[in-house]
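This report examines selected features of one protein structure. Please consult the sequence and the model alongside the text.

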Amino acid sequence: MVTAKETNCLSRNVLIVGGGPAGLATALMLAKQGWTNVTVLEKRPAADYYEPDKSFNYLIDGRGQKLTDWLGLTEKISKIGVPSTEFYLTLIKPNGSRKTFKVPIADPKRKTAYWLPRRAFVLLLYQEIEQNWQGCITVLFNSKCREISKIAESEKLQVVAETDNNNLVKFEPDLLVGCDGFNSIVRNTLKEWDDSASDRFEMKCFPSPSAGLRYKVLSLPPNFPLDPSGKEQSKCEMAYAIRGAFRGRKQAVSLGLLPLKNPDEPRSANIITWPDHKIWELKSGEEVYEFFEKAFPQLPISQILSPEEADRFAKSEGGKFPTPQYCSGLYFVSDSIGSASVVLLGDAIHCFPPDIGQGVNSALEDVFVLNEAISRSNSNLSVALPLYESLRFPDVKALIRLAQIAFPWQYNQAPLRRALWNVNFFFRLLLSRALPYIFSPPAFFLIQNHQLSYQEILAKVQRTTQNILVLGFMLICGFLAIVLLRQ
């Protein structure tokens, strides 16, 4: 039975900055919890807006499905996504030879995960709002948060947003939710307000072999030809790794394509390089054609790359893999009665390169943990938000460490270091299979087990490292003992 006090809580104004997966998922979670006045600000013009350089593919795994199960959306995801159980990769070499195989580093025992484009997932969340929660949730597209301030002589918030036609709209939310990425205006505002010496809202950065790599995305037509004759065409549910003919750090290039369910969806070919790569010097569509025709002699470039796409690609600035980073402050609550509260989720509190495929899944798990905290506190935010931080922060910290070590050399940025990493990976894998009670599988395998928290995974990895060092020490001692006995 809902009390009058709880009803008053649930009717308070909620403003969510950022209408990506974390923002829309948070809106749905709050609506299902009974909150009735939720507004989402999203800078993009539509839920299914297509941005070539941001046409990421998500793998929604068991960790993300904890929330989608609760929201009743996992079955819908399964219908628009490609299941991980059918994840095949075709390697195409410069001479045109092809080899198709199942990806060997996927854990066959994992819960079925689903590949789908970012915009397809965002559209699914938005359609759920439109169909079932219109009375509780309002999504404002083409809207940017411009300023967050405290109203004079009170602890209430005022948020100024710029909407269509440069109109300024003011909000006074009781709960402000920051789902606006690693350059979060919500978190940066909290950082300015924080008068403690703790740097709670300051991002703490850590090195990674993949941080700083740059990427561009090449949009290719559906079912594009794989040979000049056009007899062999790409399949939408197949992943491709297309190797280029060039060698050397500044010219070597590959095209990576992840699977899609929709056969009419354009294919996105990811190109990941060092910042000083030749591809960043291409300034015109003609230069793009010339480079790709030489780099990929096995592909009919003129048939699959339109002049418009070549020009767009040349002008695109692409993107850069971020440094692994997190902040320790996940919420802000004033002591004043009737004051507003602020909570952060997703990239606003943790950001890292896409090495381990946990960007969207960790964000959805943030929402799931916040949901748990709100449920356990009967929607009392002064209790729920500190509880959310205490439950989530240990995993946030462990997640960033895992992003540093789990699979950072997969982009061929340093062949020798990748080879050494591979040796370590398969050595740990063999030890885990031979002595599973002493050694755990590599971190990349453990992450696929959604029943383990990031903190538990990191603990297992660190324990295995200690055991390997002990084993190495024992072997060295044994070898020295044998040598001494023979003398």
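## A partly exposed aspartate

D311 has a relative accessible area of 34%, so D311 counts as partly exposed. Buried means under 20% relative accessible area, exposed means over 50%, and partly exposed lies in between (1.4 Å probe, protein chains only). D311 is located in helix α9; helices are DSSP runs of H or I with at least four residues, numbered from the N terminus.

The model is predicted: local features need pLDDT of at least 70, side-chain atom pairs count only at pLDDT 80 or more, and totals for chains, interfaces and linings use all residues. Residues are numbered from 1 along each chain as its sequence is written, and side-chain values use heavy atoms, leaving out hydrogens and water.

## Cysteines

How many disulfides does a search of the whole structure find? The search finds zero, a disulfide being a pair of cysteine sulfur atoms within 2.5 Å. C205 takes part in no disulfide, and its nearest cysteine sulfur, that of C351, lies 9.2 Å away. Because the closest cysteine sulfur to that of C351 is the one in C205, at 9.2 Å, the distance is too far for a bond.

C205 is partly exposed at 49% relative accessibility, whereas C351 is buried at 3%.

L399 belongs to helix α11, which covers residues 381-405. Its relative accessible area is 0%, and L399 is therefore buried. L399 and S382 are 17 residues apart along the chain, and their C-alpha atoms are separated by 26 Å.

How values were computed
Helices (H or I, at least four residues) and strands (E, at least two) are DSSP runs, numbered from the N terminus.
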